[in-house]
Amino acid sequence: MANTFRTAIIIFVLGFISHGAVKSQELDCTVEVLSPAVQLTNKQVFNTLEKAITNFMNATKFTDLPFKPEEKIEMSIVFNIDKLEGQTDFSGSLQMVSSRPVYGSGYNTTMLRIKDKNVDFQFKQFEPLQYIEGSFTSNLSAILSFYAYMALGVDFDSFEDLGGTSYLNKALEIANTAQSSPYTGWGASEKGQNNRYWLVFQMMDEKFKPLRKTFYTYHRLGFDTFTENIDGGRSLVLESLENLIKVHKNQPNSYTLQVFMEAKRQEIIDLFKKAPKEEQDRVLKVIERLDVSNLTKYKNGFSK
């Protein structure tokens with residue numbers, strides 16, 4: 001189905017916009033708000049929050065492109081609220097996962113799998129969330145918009161070499177604007193570099209260009225060709241993984257590489273467990289550099 005390719009969408013759009021095409025939303029996002037640690041008799045506020053976030057993610061228009069329903073980016077966000085003060089001040093964490101279909105199959109490949117431990121925001125029931133470009137309207141809308149643009153960026157990167165640049169730039173603009181806010185998770189000078197700012201800053205850094213190119217080679221040239229030539233596609237996936245060693249040499253243990261490996265770990269194991277031993281050995285050499293704490297998982301997976 002050629003219309004699943006973002007590059008085909010872009011070509012289609014160029015001719016369609018001039019005829020007054022109706023813009024449609026890009027995300028198909030499911031949202032869950034959990035609050036096991038919060039002791040409340042009436043937890044309606046969490047239901048209201050869940051509905052507000054769902055509406056925001058699935059109604060906000062983040063690009064100028066029309067998306068058909070089957071072309072929308074699949075996404076899920078799970079909030080785990082640990083603390084609630086005054087019915088308006090929320091603290092906790094979230095996990096965001098985005099995916100896209102592999103051409104000619106019923107399989108969806110995970111693009112991002114992120115655990116964000118610094119989620120603090122104010123939310124008043126019945127006040128709509130809104131995103132205004134260049135403005136910090138609330139920390140919640142900033143976080144949600146940031147992850148929407150991150151999902152769009154890597155999705156477009158996977159269909160066209162560096163094709164998601166404009167959307168990653170939007171995420172970087174949100175991170176830069178939010179740095180002046182009192183909320184954590186946005187600061188360039190925060191302890192460590194495992195936050196939203198560093199995630200997108202690294203993605204846009206020249207030193208991390210091999211990672212962005214890997215999104216294209218791994219998915220478009222690799223996975224999307226499996227129906228035609230799985231051995232050739234798998235070989236290109238392996239080459240794309242080996243290319244990530246350049247990123248590791250420039251910045252060992254970077255947050256962005258951790259996020260990539262978290263999304264792809266099980267997929268890599270499943271793909272190469274029946275591959276020739278030579279390819280498995282090459283994969284393990286990459287894992288020794290990029291994901292060494294999980295090396296045993298790969299070895300066990302390959303031995304089954």
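Is the crossing of α4 and α5 left-handed or right-handed? In this predicted model, the crossing of these two helices is left-handed. Helix α4 covers residues 165–178 and helix α5 covers residues 196–204, and their axes come within 9 Å, crossing at roughly 140°. Since angles count as roughly antiparallel only over 145 degrees, α4 and α5 are therefore oblique to each other. On the α4 side, the contact is made by Thr165, Leu168, Asn169, Ala171, Leu172, Ala175 and Asn176. The partners contributed by α5 are Tyr197, Val200, Phe201, Met203 and Met204. By class, the residues of the contact of α4 with α5 divide into nine nonpolar and three polar, with no charged residues.

The crossing of α9 and α11 is right-handed. From α9, the residues Met261, Arg265, Ile268, Ile269 and Phe272 meet Lys297, Tyr298, Gly301 and Phe302 of α11. Here the contact has six nonpolar residues, one polar residue and two charged residues.

Turning to the strands, β2 (residues 73–85) and β3 (residues 89–101) run antiparallel and are joined by 11 bridges. Within this pairing, Val78 stands opposite Gln95 in β3. The hairpin of β2 and β3 has three residues between the strands, and Gly86 takes a positive phi near 60° there. Strand β3 also pairs with β4 (residues 108–122), in the antiparallel sense and over 12 bridges. Met96 stands opposite Ile114 in β4. In the hairpin of β3 and β4, six residues lie between the strands, and Gly104 has a positive phi near 75°. As a reminder for reading the strands, side chains in a regular strand alternate between the two faces of the sheet.

For the chain as a whole, the secondary structure comes to 11 helices and four strands. The C-alpha trace spans about 60 × 50 × 35 Å along its principal axes.

Notes:
Residues numbered from 1 in each chain as written. Predicted model: local features only at pLDDT ≥ 70, side-chain atom pairs only at ≥ 80, totals over all residues. Heavy atoms only, no water. Left-handed = near helix turned anticlockwise from the far one by under 90°. Contact = heavy atoms within 4.5 Å. Nonpolar A, V, L, I, M, F, W, Y, C, P; charged D, E, K, R; others polar. Pairing = 2+ DSSP bridges. Axes fitted to C-alpha atoms, helices over the stretch in contact; angles between N-to-C directions. Parallel < 35°, antiparallel > 145°, perpendicular 65-115°, else oblique.
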